[in-house]
Amino acid sequence: LLTCMEKNSTSNPHLQKALDAWVEQLNKAIACALGSEERLNEIKSFCASFVPLDVSEDDRAYYVETLAGDDEHFRSLQRELTQCARGFKVESLEEDQKTRAVFTLLPIQKVEVDAVREVAFISADGQLWTAEG
């Protein structure tokens, strides 16, 4: 019998490693005081590997500022990446998982609006993964 995690986790070990690393980086940032330099540095470290390589430095810096300044958005991203990494409440996982993977995530808690989210990741070589633009 397949569990939810076995059924809806990535089969690509490089993507799984990236997901696990991103979750670990975000968890380190959460452990730091909100607004602290330490938290900002953890977010910068996360963005260095998460943000697509073709994103400009200005856009990358803006994303870092957004995550550092909007705790609700930051924690939402952390929850979504944790779902992807663990296969928890993942309705489906589509694409080839060699150059692109799209996770369809179910809400963790019961909400009035059944907001299903899609989170996509890309790789040019199947080894180095980033978020999709």
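Two strands pair if DSSP finds at least two bridges between them. The exercises below apply this to a predicted model.

**Exercise 1.** Determine in what order the strands of the open sheet lie, and which of them are edge strands.

*Solution.* Step 1: the open sheet is formed by four strands, and their order is β1-β2-β3-β4. Step 2: the pairing is antiparallel. Step 3: β1 (90–94) and β4 (129–131) each pair on one side only, which identifies them as the edge strands. Step 4: with direction ignored, neighbouring strands of this sheet are turned by 25° against each other on average.

**Exercise 2.** Describe how β3 and β4 pair, and find the bridge partner of S123.

*Solution.* Step 1: strand β3 (residues 117–123) pairs with β4 over three bridges, in the antiparallel sense. Step 2: S123 has W129 of β4 as its bridge partner.

**Exercise 3.** State which strands helix α5 lies across.

*Solution.* Helix α5 (residues 71–86) lies across β1, β2 (100–105) and β3, and runs at about 70° to β3.

**Exercise 4.** Characterise the crossing of α2 and α3, and then the residues in contact.

*Solution.* Step 1: the axes of helix α2 (residues 13–31) and helix α3 (residues 37–50) come within 8 Å and cross at roughly 165°. Step 2: angles over 145 degrees count as roughly antiparallel, and α2 is therefore roughly antiparallel to α3. Step 3: the crossing in which α2 passes α3 is left-handed. Step 4: α2 contributes W22, Q25, L26, K28, A29 and I30 to the contact, while α3 contributes R39, E42, I43, S45, F46, S49 and F50. Step 5: sorted by class, this contact of α2 with α3 comprises seven nonpolar, three polar and three charged residues.

Conventions: Residues numbered from 1 in each chain as written. Predicted model: local features only at pLDDT ≥ 70, side-chain atom pairs only at ≥ 80, totals over all residues. Heavy atoms only, no water. Axes fitted to C-alpha atoms, helices over the stretch in contact; angles between N-to-C directions. Helix = DSSP H or I, 4+ residues; strand = E, 2+ residues; numbered from the N terminus. Parallel < 35°, antiparallel > 145°, perpendicular 65-115°, else oblique. Left-handed = near helix turned anticlockwise from the far one by under 90°. Contact = heavy atoms within 4.5 Å. Nonpolar A, V, L, I, M, F, W, Y, C, P; charged D, E, K, R; others polar.
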